[in-house]
Amino acid sequence: MAERQEQAAPDALLTRIGQVVILHHAGDREEARHRFLDLWAEIGEDGDPLHRCTLAHYLADTQDDPFDELAWDLRALTAAEELIDDRLAEHEGALAVRALSPSLHLNLAADYVKLGRAEAARTHLRRARGAADALAEDSYGDGVRAAISRLELRLGEGDSKGGGAWGPPRQRP
């Protein structure tokens with residue numbers, strides 16, 4: 001029984017994070033930021049890397065200052081790098097966490113663009129593309145790949161003939 005409760009607790013926290021994401025997507029950015037920060041205080045700097053990665057990834061999107069956004073995106077990447085396969089196997093969303101890597105690097109690339117640091121942006125953009133093989137062939141994966149291609153073009157990294165970029169999302173039968 002105690003083992004089952006331990007397994008339910010991390011899922012409950014991810015559910016709470018998801019509820020705040022819904023609040024943010026509904027347009028209440030400031031309230032979402034405050035609730036995310038409350039959850040961060042609860043988790044702590046040394047908390048579970050899965051929770052820190054997920055929370056920091058979403059918390060970055062609620063920031064007004066690009067330096068703060070970068071700081072949260074860096075926290076998300078650091079936590080993601082702490083995750084090991086054994087830890088990921090404990091969660092039903094293990095594949096989703098691996099598929100988060102391209103998005104983490106894409107967000108960092110976009111942060112660096114905002115801050116006028118094109119070379120750092122290119123570095124993370126290359127890492128995003130390199131990790132993109134973990135993305136599923138679904139709307140999320142299509143969206144991340146499209147965003148990578150758009151940022152590549154913006155930074156002059158993409159092939160104007162489409163050789164270095166993915167094409168538009170495929171039509172589903």
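Author: Let's start with a word we will need: a residue counts as buried when its relative accessible area is under 20%. Keep in mind that this model is predicted.

Reader: Thanks! Which residues of α7 are buried?

Author: Helix α7 covers residues 100-114, and 12 of its 15 residues are buried, so the helix is mostly covered. The buried ones are L100, P102, S103, L104, H105, L106, N107, L108, A109, D111, Y112 and V113.

Reader: Is H57 buried or exposed?

Author: H57 has 7% relative accessibility, so it counts as buried. H57 sits in helix α3 (residues 49-60). Setting aside neighbours within four places in sequence, H57 contacts D73, A76, L100, S103, L104 and N107.

Reader: At what angle do α7 and α9 cross?

Author: Their axes cross at roughly 30° and come within 10 Å, with α9 spanning residues 139-154. Angles under 35 degrees count as roughly parallel, which means α7 is roughly parallel to α9. The crossing is left-handed.

Reader: Which residues make that contact?

Author: From α7 come L100, P102, S103, L106, A109, A110 and V113, and from α9 come Y140, V144, A147, I148, L151 and R154. These residues divide into 11 nonpolar, one polar and one charged.

Reader: Why do residues three or four places apart point the same way in an α-helix?

Author: An α-helix has 3.6 residues a turn, so residues at that spacing point the same way.

Terms used: Residues numbered from 1 in each chain as written. Predicted model: local features only at pLDDT ≥ 70, side-chain atom pairs only at ≥ 80, totals over all residues. Heavy atoms only, no water. Helix = DSSP H or I, 4+ residues; strand = E, 2+ residues; numbered from the N terminus. Expected span 1.5 Å × (residues − 1). Buried < 20%, exposed > 50% of the residue type's maximum accessible area, 1.4 Å probe, protein only. Contact = heavy atoms within 4.5 Å. Axes fitted to C-alpha atoms, helices over the stretch in contact; angles between N-to-C directions. Parallel < 35°, antiparallel > 145°, perpendicular 65-115°, else oblique. Left-handed = near helix turned anticlockwise from the far one by under 90°. Nonpolar A, V, L, I, M, F, W, Y, C, P; charged D, E, K, R; others polar.
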